[in-house]
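I opened this model to look up strand pairing, helix packing and the nonpolar cores. My entries follow in the order I made them.

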Amino acid sequence: MPTLTIDNLSITVPEGTNVLQAAERLGIVIPHFCYHEALGSVGACRLCAMKFLDGPVKGIQMACMVEAKDGMVVSTLDSEAQEQRAHVIEWLMMNHPHDCPVCDEGGECQLQDMTVAGGHSIRRYRGKKRTYRNQYLGPLIEQEMNRCIQCYRCVRTYQDYCGGTDFGVLGSRQRLFFGRFQDGVLQSPFSGNLADVCPTGVFTDKTFRFRTRYWDLQEAPSVCPHCSLGCATIPGAHFRELQRVRAGVNPQTNGFFLCDRGRFGYGHANHPERPRNPRVSGVDSGWPEALTTLSDRLTAIRRVHGPDSILFLGSNRASLEANHLLKQWASSLGCDRFVYEVHPGRDRAARYTSALLGDSARSLEQIRHSDYVLTIGCDPVHEGPMLSLAIRQAVRKGGYAVSIDPRPVDLCCETSHLPLPPERLSEVLVALQENNFSRFPRREAGVLEGIGARLRQAKNPVLVGGSDLLGGEGTRLLLQTVQLLSTPDRPCGAFLLLAGPNSYGNALLSGEGPDFNVHLDAIISGHVRAMVCLETDPFSDHPDPARTGAALSRLEFLAVMDSVPTVAVKRADLFLPTTATAESAGTFVNNEGRLLPFEPVFSPGQPIQETGGGNHPPRTFQKDTPGDQPRASWSILSALLKRQESLDAVRQDIATTDPRFAPIGASPLDIQGVRVDGVGISPRPLATPLPQCQPENTFTLIASESLFGSEILSSFSKPLSALVPEPFALMHPDDALALGIENEATVRLTTLLGHLHLQLRLSDRMARRIILVPRLRGTSTDLVVPGGRHQDCLVERGSKP
């Protein structure tokens, strides 16, 4: 490793480190704009000038473009280097407006900091400034092009890193314009990163525009709750309102960036219909009354019908601490009925993952450096968006990516795609294990043979699966395939997308317990009389909502704890309001078994914007804060257990009672990103399903996730509502031609769930005889839950109802 000297300070750095990075490690601040750790160096801004006094390179050089070499002697304080930086800053500021007092970037503007660091304080230029007309870029990003200093960070992020194609640089010399060919909504699902990487304020968060100054925000490190990846976030709040979310930095998960769902899906915390008060029999009450009533009702039911008459239902979006206490509460009542996932298919997939993943687990950082990524039954952009960015980086580094899926999967990069029906995905995994593809038609067999050969030749391959389409059995086969393809000198990795941010942790807690369907039968038979739901909605998230709704209507008592206005909340006999992720502390265990603690950003309360009706807050004084009733779910359960313990005490209890979570007993800084030490238990095998015949002229309906509108928390977010598409169905053009139905026509879908009237869209990148319907909450497709049994579907030309 090379050793160099910068400003009389010596440092040894790894091979490939540039001089700017070496200076940063020494704590030396070098002004720069174009360099970004995730994007690399391009030398566009010409601001990081240093004087190289000795070594293989001498003279004034751009530090970001020079690799550190042994024996280098560098000065940042040399008069020539300082003069160079001062001139560059002055050139950049010639056309920049003096609008800092009204610029949303004020207080966190890199241009402000670097202008001072570069030694520029007085503007000498008196000529006309370069000006532009700003573009409309959609509801999420605001453009103020006159502030641009042409650092190229935006286009390198949007195009190069994220794979966007509708945004770029136009013009020449000093007349460069960064935007679209014409006004319109940015199409990339990662467009919000423009606000993070822009160093000046050209691109800012439109949802945060003119809301709060940076120094007034309450911020803390947190974890994104919108999928199972566990991306690092930094939410910001003011006046009891969550006002923005920006990307945190976690090299093992999201790196430096964030998807738009994770960035703008925070609106559930501020939703005007959010339930904020405890309710008993539909009437608001205080906490003492609600907790006493809950304990009394469960005690009475337990005394009459026995301890197994009560079902405790956990959630993949509740923290590990809360789910642990829920299980302890059930045990204290002598009850063995507890389950952590209402969706049986997702439950089985998570349990198989926790039991079989082991050392095969790969992080997003490892995927970024893989030379071969094979995705099976997985649609990353819609199910785990940052996974698609990781795969793109692998391809950019020379790797190869292949997708096998009935849907028209887009991985944000050049990939090979083989559309196969969902029932054939398991056959592909078996064929990869046996290296025998004779059961497939000739064309498909040839493609699969090439995939198998390349998979075996790869040095660092990763198999990626989605739990919704693969289900429990497909997940087991994928992990089995990984084990069979691995050798001591060339291990094969696995990466499974699960249902929620704590699905893996819940799978470990589940043990050998049965899935929700077994308990549903017990409700129907009358053996279960009461149910306690922790931040979950069985009415909406079970793949058979009609059967579930009919069964749950037989309960004598339903208690719900949640922070969003779900169907379960509205039907609850007793309701307890919980805090949102940004309002509490806790821990998630992401899809690779990594412990991810999060901290509270602000205390719950009704936003002043609501209490004041958009005007000045009410000029009244009171001891309590309006809407401050929500409590952390772990705190509620601790009170029900009569413990009243701190979060640290709960974590110590988890570490003591379950050695697999032993690291959680340490401080949050020490456990950040540590993988759990141990495995779960595989679920009990299901009975082999009876063979079924598909009726003639019917299609297989596949319910799928949509980037916007499917995930429950982000579905309550106002900033994303404009991007939620109208309900639609997707079909192969050849199938539509055979039916005599054209693109964008209205079709009538008939299934066991009833009739759906949807607009038809066509894609030639999907499998034949498939009808794909994205689930959009609050619309006619809300009952079509992904991950359930695929249904036979009759497709006819229809008309709007």
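**Hairpin.** I started with β3 and β4, which form a hairpin with four residues between them. Gly55 in the turn has a positive phi of about 115°. The model is predicted, so I kept its limits in view: local features need pLDDT of at least 70, side-chain atom pairs count only at pLDDT 80 or more, and totals for chains, interfaces and linings use all residues. Residues are numbered from 1 along each chain as its sequence is written, and side-chain values use heavy atoms, with hydrogens and water left out.

Helices (H or I, at least four residues) and strands (E, at least two) are DSSP runs, numbered from the N terminus. Two strands count as paired if DSSP finds at least two bridges between them. Strands β3 (residues 49-54) and β4 (residues 59-62) run antiparallel and are joined by four bridges. I found Met50 opposite Gln61 in β4. β3 also pairs with strand β5 (residues 73-75), in the antiparallel sense, over three bridges. There Asp54 stands opposite Val73.

**Parallel sheet.** Next I traced an open sheet of five strands, in the order β20-β19-β18-β21-β22, with parallel pairing. Why is one side of β20 and of β22 left without a neighbour in the sheet? β20 (416-418) and β22 (493-497) stand at the edges, and each has a single partner strand. Neighbouring strands are turned by 15° against each other on average, direction ignored. Three bridges join β19 (residues 400-404) to β20. In that pair Val402 stands opposite Ser416.

Helix α14 (residues 442-457) lies across β18 (372-376), β19, β20 and β21 (461-466). I read its direction as about 135° to β18. Axes are lines fitted to C-alpha atoms, for helices over the stretch in contact, and angles run from 0 to 180 degrees between N-to-C directions.

**Cores.** I used this rule for a nonpolar core: buried Ala, Val, Leu, Ile, Met, Phe, Trp, Tyr and Cys residues joined through side-chain atoms within 4.5 Å. Buried means under 20% relative accessible area (1.4 Å probe, protein chains only). Which residues touch the most other members of the largest core? Of its 91 residues, they are Phe312, Trp329, Leu374 and Phe661. Helix α15 (residues 467-485) gives the largest share, seven residues. Another core, of 44 residues, lies apart from it and includes Tyr161 and Cys412.

I then listed contacts (heavy atoms within 4.5 Å). Leaving out residues up to four places away in sequence, Trp329 touches, among others, Leu294, Phe312, Val532 and Met561.

**Helix pair.** The axes of α8 and α22 come within 8 Å and cross at roughly 20°. That makes α8 roughly parallel to α22 (angles under 35 degrees). The contact involves residues including Leu325 and Trp329 of α8, and Trp634 and Leu637 of α22.

**Helix α23.** In α23 (residues 647-657) I noted Leu647, Val650, Arg651, Asp653, Ile654 and Ala655 as buried. Their cover includes α8 (320-332), β26 (586-589), β27 (595-598), α22 (633-640) and α24 (668-671).

**Thr353.** Last, I looked at Thr353 in helix α9 (residues 344-356). Is Thr353 buried or exposed? Thr353 is buried, with a relative accessible area of 0%. Beyond four places in sequence, Thr353 touches Thr475, Leu479, Leu496, Leu498, Tyr504 and Asn591.

Terms used:
Buried < 20%, exposed > 50% of the residue type's maximum accessible area, 1.4 Å probe, protein only. Parallel < 35°, antiparallel > 145°, perpendicular 65-115°, else oblique.
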